[in-house]
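Please keep the sequence and the model in view while reading.

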Amino acid sequence: MQSLSMEAQAKLEKDSAKKEAKAEAKAKAEAEKKQASPSSVLFFASKVTIKRIQRNKNKYVTSIHGLETFGIELKKASKLLAQKFATGSSVTKNPQGQDEIVVQGDVSDDVFEIIEQANEGGGSGQLGTLFKAVPIDNVVQTEEKAKK
């Protein structure tokens, strides 16, 4: 009986040593990852893309992605944009697996202006304070035609 408990104790020590080594390796990998790409570099390298997508001949939707890197709550932003433009707005995943806000209608220029005003300090209301964290230099507007 005593030899069994010694075996169990040895196994327990071995398992705990393995877990400690795994935890150390994970911590080391995270430290290297942080050092390789600091969050400030990621913050300035990331882009907010405002894309105007043509659905039919004269129907458009506006897609906005990249806001989550600046700490903006997408559901809240979606709701505020829907109220501002009196249209439908939702948070969906794009084909790359990123979350994006899709607003019905051609409002890409208006969204750009809201972000621009928020950066200049003139953005009043909830939208202005929400988009204040997005630098205007990181905002890109594109247009996508309907596929035939």
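The points below begin with the overall fold and end with individual residues.

The structure is a predicted model. Its chain contains 5 helices and 5 strands, arranged along the sequence in the pattern α-α-β-β-α-β-β-α-α-β. Strand β1 is joined by bridges to strand β5 and to strand β2, while strands β3 and β4 are joined to each other.

**Overall composition and exposure**

- Of the 148 residues in the chain, 28% are buried.
- The chain exposes about 10500 Å², and carbon and sulfur atoms supply 52% of that area.
- Among contacts in the chain with a separation of 6 or more, 56% are between residues 24 or more positions apart.

**Strand β1 and its two partners**

- Strand β1 spans residues 48-54 and is mostly covered, with 5 of its 7 residues buried.
- On one pairing, β1 runs parallel to β5 (residues 139-144), and 6 bridges join the two strands.
- Lys51 has Ser63 of β2 as its bridge partner.

- Strands β3 (residues 89-93) and β4 (residues 99-104) run antiparallel and are joined by 5 bridges.
- Ser89 stands opposite Val103, which belongs to β4.
- The two strands form a hairpin with 5 residues between them, and Gly97 in the turn has a positive phi of about 90°.
- Asn94 is located in the loop between β3 and β4.
- Asn94 counts as buried because its relative accessibility is 8%, under the 20% cut-off.
- Leaving out residues up to four places away in sequence, Asn94 touches His65 and Glu100.

**The nonpolar core**

- The largest nonpolar core has 23 residues, and those with the most contacts inside it are Ile64, Leu67, Leu81, Ile101, Val111, Phe131 and Val134.
- At least two residues of this core come from each of β1, α3 (74-85), β4, α4 (108-120) and α5 (125-130).
- Helix α3 provides the largest share of this core, 5 residues.
- Val134, one of the residues with the most contacts inside the core, is in contact with Val48, Leu67, Phe70, Ile72, Ile115, Asn119 and Val139 when neighbours within four places in sequence are left aside.
- The structure holds 0 aromatic pairs.

**Arg52 in strand β1**

- Arg52 is found in strand β1.
- Arg52 counts as buried because its relative accessibility is 18%, and the cut-off for buried is under 20%.
- The charged end of Arg52 sits over the ring of Tyr60, at 4.2 Å from the ring centre.
- Apart from residues up to four places away in sequence, Arg52 touches Tyr60, Val61, Asp106, Ser108, Thr142, Glu143 and Glu144.
- Arg52 and Gln104 are 52 residues apart in sequence, and their C-alpha atoms are 10.0 Å apart in space.

- Lys75 lies in helix α3.
- Lys75 counts as exposed because its relative accessibility is 68%, over the 50% cut-off.
- Lys75 and Thr92 are 17 residues apart in sequence and 9.9 Å apart in space, C-alpha to C-alpha.
- Ala86 lies in the loop between α3 and β3.
- Although Ala86 is not a glycine, it has a positive phi of about 55°.
- Ala86 counts as exposed because its relative accessibility is 70%, and exposed begins over 50%.

Conventions
Residues numbered from 1 in each chain as written. Predicted model: local features only at pLDDT ≥ 70, side-chain atom pairs only at ≥ 80, totals over all residues. Heavy atoms only, no water. Pairing = 2+ DSSP bridges. Helix = DSSP H or I, 4+ residues; strand = E, 2+ residues; numbered from the N terminus. Core = buried A, V, L, I, M, F, W, Y, C linked by side-chain atoms within 4.5 Å. Buried < 20%, exposed > 50% of the residue type's maximum accessible area, 1.4 Å probe, protein only. Contact = heavy atoms within 4.5 Å. Phe/Tyr/Trp six-rings, centres within 6.5 Å; stacked < 30°, edge-to-face > 60°. Lys NZ or Arg CZ within 6 Å of the ring centre and 35° of its normal. Areas by Shrake-Rupley, 256 points an atom, 1.4 Å probe, with all protein chains shown as cover.
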